[in-house]
Amino acid sequence: MKKWRCTVCGYIHEGDTPPDVCPVCGVGPEFFELVEEDKISPPPRAGEAETKKAVPVTNGQQDPKSMQSALFKISYGLFIVTSVKGEKINGQCANTVFQITSDPMRVALGINKSNLTYEFIQESGLVGITVLGENGHDLVRRFGYSTGRDKDKFAGLEYSQGTTGVPIVSGGIAYLEGKILRDKSIDVGTHYLFVADVVKGAVVEDKDPMTYAYFRKTK
Ligand SMILES: Cc1cc2nc3c(=O)[nH]c(=O)nc-3n(C[C@H](O)[C@H](O)[C@H](O)COP(=O)(O)O)c2cc1C
């Protein structure tokens, strides 16, 4: 059986061809590379392969891997994004959460439309966001590599109910609750860019946030 590595997140897919969509980070088959079985290793550390594969800037078309490496240089945090649908709760890991305006306080989130969390956010118009600290690896693993369609990701986990009704996962350094602004949120293809007003938030522990780069180096 052939093995294919996602050059974006390191996910390994088994099959004759790469998958249509990476189930972890959502990129297409063009970002998968064939790997030999005995050479499967973690994705490159920031600054290594990127430097080797770098191409000079030209006016012509660039190869997708170089562009992907450049995109990797954008810095992100890591978050657990939660929502509700009736009595049900769900959550996922996300790196694409960022403040977009300060007055009013608004955040934007990029959520894959095939995720269960996407369905819940669309239904309720509510999001909970736990900002992870540098010890958040277990929460990334719990929420980022499986879907709530297959299991209850909250089973045995400490969390609280926010004032809007969304679950707030414990163990982060800060949390926010947001109300989705439907007229400002847009379909961007595989993902939906939600824009939300921040209606509640607090720092829980005054520690450094986990960055995506730090997670990739230490996972
Ligand atoms: C480090 C990391 C970052 C991720 N970032 C995002 C993201 O920004 N947006 C997204 O839609 N999925 C992201 N994912 C993938 C989702 O967390 C994953 O597909 C999850 O299983 C979806 O769960 P659900 O179907 O229960 O909603 C990320 C996963 C990991 C491990």
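Guide: A polar contact here is a pair of N or O atoms within 3.5 Å; within protein, one must be able to donate a hydrogen and the other to accept it, and residues adjacent in sequence count only if both atoms are side-chain atoms. This is a predicted model, in which local features need pLDDT of at least 70 and side-chain atom pairs count only at pLDDT 80 or more, while totals for chains, interfaces and linings use all residues. Residues are numbered from 1 along each chain as its sequence is written, and side-chain values use heavy atoms, with hydrogens and water left out.

With that in hand, a polar side-chain atom of Gln 92 lies 3.2 Å from a nitrogen atom of the ligand. Thr 96 has a side-chain N or O atom 2.6 Å from an oxygen atom of the ligand, and for Lys 153 the distance from such a side-chain atom to a ligand oxygen is 2.9 Å. Of the 660 Å² of accessible area that the ligand has on its own, the protein covers 95% (areas by the Shrake-Rupley method with a 1.4 Å probe; for residues, only the protein chains shown count as cover).

The shell around the ligand draws two or more residues from each of strand E5 (88-94), strand E7 (106-112), helix H3 (116-124) and helix H4 (137-144), where helices (H or I, at least four residues) and strands (E, at least two) are DSSP runs numbered from the N terminus. Strand E5 gives the most, with 5 residues. Altogether 25 residues surround the ligand, the closest being Thr 96, Asn 112, Thr 117, Thr 147 and Gly 148; a residue is near a molecule if one of its heavy atoms lies within 4 Å of it. By class, this shell has 10 nonpolar, 14 polar and 1 charged residues, with Ala, Val, Leu, Ile, Met, Phe, Trp, Tyr, Cys and Pro counted as nonpolar, Asp, Glu, Lys and Arg as charged, and the others, Gly among them, as polar.
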